[in-house]
Amino acid sequence: NALTGTPGDCRPCPCPDRTSCSAIVQTGEVVCTNCPAGRTGVRCQKCEDGYHGDPLGQSGPARPCTRCDCHGNVDANAVGTCDHLTGRCLKCLGHTEGDRCERCKQGFYGDALNHTMHQKCKSCSCSASGTSGPVTQCHPRTGHCHCLPHVTGRDCGRCEVGFFHLQPGLGCRRCDCSPVGSSS
Amino acid sequence: PPVSPFPRPDVHPLPSGTHLLFSQNGRIEHIPLEGYDMKPDQAKTVLHLPGKLIVGVAYDCVEKMVYWTEISPSSINKANLQGGETIPVIESGVTSPEGIAVDHLGRTIFWTDSITDQIEVASMDGSQRRVIINSDLVNPRAIIADPPNGNLYWADWDRDAPKIETSYMDGTNRRVLVKDNLSLPNGLTYEPQSSLLCWADAGTKILECMNPGRGDRRKMTEGIQYPFGMTAYGKNVYYTDWDRLALVAVDTHVGRETSEFLPLKRTKIYGIATAYAQCLAGQNYCAVN
């Protein structure tokens, strides 16, 4: 405030790259008005939407604003897709989850990091009759469901060789073939 | 803490006349319109909330207030454009509020939320809040009110099934207006005098209009870049562009871009609203009830 009439009335703006600021008369608070590209906030301490970092090092070592990495599992048309400080992804798509949308949600399996696949995470869809647990639980990568005894297949949908008659809650029964009359 | 109140040296009350209000991060800027022309040399900041991310902007011509949605953290707020503090409207139960619309006759606000996938309504102070649409929404964004006719319009940029829909202002009589040849309809606006509903699509890169009653869809401009927000004033529509970092004016009579405005601040522009000098005449049943 140059009107006070003392030396040092005008002080440099506490803003990066010698950008401008203004002082609020009532409170004396100084606010940066032209933060460098990609930054925002009272002291340009915050990264813009889609970027994360801590350019002033307010919560640890200074980190410049960098684009959030969500493994291609957020939509470029969405807003607020990641936390400006930690970079944690907030709007994972395609049944992915995790701080970087790096894994498939429970009930889904596949490779959340595979950029070439159309559908990275597929539904477990375990067979209701051949599964020992919930039909929405499977191995997050392979998709193998928890099968009842002598039941096989990724989705526990069929009996092992030598077994037949898949019954819910029980599994499959051993074939009872006469060794004499059977061809295999 | 939000930086208010103003006046502050870097913010200015809204002068008389018609303006466009638009948001860039934590700023709401204004640019005056002279006729349909934007006056770049008179563009100024009307509100500065450092560190905020303002997404949707709407204007109440009665009280000359600006309403906005902000995310991370999420809330809905308003402020008087002649100078005044930020007034919280909705502080809880919003996760990603995006589009916002004002019914200046019924004295209500409407907003979309892209995480709860709902459309809600509340009084202008945030009371009497109610969900009016809670099904078949995936990425709802723009929402527009047409108070004299009692209609709402909104766009959902669902990558699998984008659509533009309408309903009465209580959510009843919901209908899909447009679903074919849509991709990312981010911008949507309605001009009451011409009854023209226009949208700007960031996927098809086309700006189109139709009369919702007639369904006569017309391409205005093709090959646009990355539209986000949109508003109408008379024969013109104005949209914000994420790639050009610009406001773009399109004349709907001749169907082409007429001018652009590049704000000094080179960063994404989100919401946009027309701040009319006066309310357009009209009333609806909510206003008399």
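I start with one pair: the side chain of Glu48(A) makes a polar contact with the side chain of Asn25(B), at 2.8 Å. A polar contact here is a pair of N or O atoms within 3.5 Å; within protein, one must be able to donate a hydrogen and the other to accept it, and residues adjacent in sequence count only if both atoms are side-chain atoms.

Before going on, the conventions. This is a predicted model, in which local features need pLDDT of at least 70 and side-chain atom pairs count only at pLDDT 80 or more, while totals for chains, interfaces and linings use all residues. Residues are numbered from 1 along each chain as its sequence is written, chains are lettered from A and ligands numbered from 1 in the order in which they are written, and side-chain values use heavy atoms, with hydrogens and water left out.

Back to Glu48(A). This residue sits in the loop between β4 (46-47) and β5 (51-54) of chain A. Strands, for this talk, are DSSP runs of E with at least two residues, helices are runs of H or I with at least four, and both are numbered from the N terminus. Is Glu48(A) buried or exposed? Glu48(A) counts as buried, because its relative accessibility is 13%; buried means under 20% relative accessible area, exposed over 50%, and partly exposed in between, with a 1.4 Å probe and protein chains only.

What does Glu48(A) touch, leaving aside its neighbours within four places in sequence? In chain A the partners are Gly38(A), Arg39(A) and Thr40(A), and in chain B they are Asn25(B) and Thr267(B). Contact means heavy atoms within 4.5 Å.

Next, the interface of the two chains. Chain A gives 23 residues to the contact and chain B gives 31 residues. The size of an interface is often given as the accessible area lost when the parts come together. Here chain A and chain B bury about 2100 Å² between them, with 52% of it on carbon and sulfur atoms. That buried area is the accessible area (1.4 Å probe) that two parts lose on being put together, summed over both.

Across this interface there are 13 residue pairs in polar contact, both residues at pLDDT 80 or more. On the side of chain A that touches chain B, the elements giving two or more residues are β1 (21-23) and β2 (30-32) of chain A. By class, that side of chain A has nine nonpolar, eight polar and six charged residues. The classes are these: Ala, Val, Leu, Ile, Met, Phe, Trp, Tyr, Cys and Pro are nonpolar, Asp, Glu, Lys and Arg are charged, and the others, Gly among them, are polar.

How many salt bridges cross the interface of chain A and chain B? The rule finds two, where a salt bridge is a side-chain nitrogen of Lys or Arg within 4 Å of a carboxyl oxygen of Asp or Glu. Lys91(A) forms one with Glu98(B), the closest N and O atoms being 3.7 Å apart. Lys91(A), Glu98(B) and Arg141(B) are linked in a network of salt bridges.

Now the domains of chain A. The chain is divided into domain 1 (1-44), domain 2 (48-121) and domain 3 (124-174), with bounds from an automatic or database domain assignment. The C-alpha centres of domain 1 and domain 2 of chain A lie 33 Å apart. Five residues of domain 1 are in contact with four residues of domain 2, and the two domains bury about 420 Å² between them, 62% of it on carbon and sulfur atoms. In domain 1, Gly38(A), Arg39(A) and Arg43(A) lose the most area to domain 2, together 80% of what that side buries. Between these two domains of chain A the rule finds zero salt bridges and one residue pair in polar contact, both at pLDDT 80 or more.

Last, salt bridges in chain B. Over all chains the count comes to 20. Asp60(B) and Arg107(B) meet in one of them, at 2.6 Å from N to O. Asp60(B) lies in strand β5 (residues 53-60) and Arg107(B) in the loop between β9 (97-103) and β10 (108-113) of chain B, so the pair ties together parts that are 47 residues apart in sequence. Asp60(B) counts as buried at 0% relative accessibility, and Arg107(B) as partly exposed at 24%.

Arg107(B) also meets Glu63(B) in a salt bridge, at 3.0 Å from N to O. Glu63(B) is in the loop between β5 and β6 (65-71) of chain B, 44 residues from Arg107(B).
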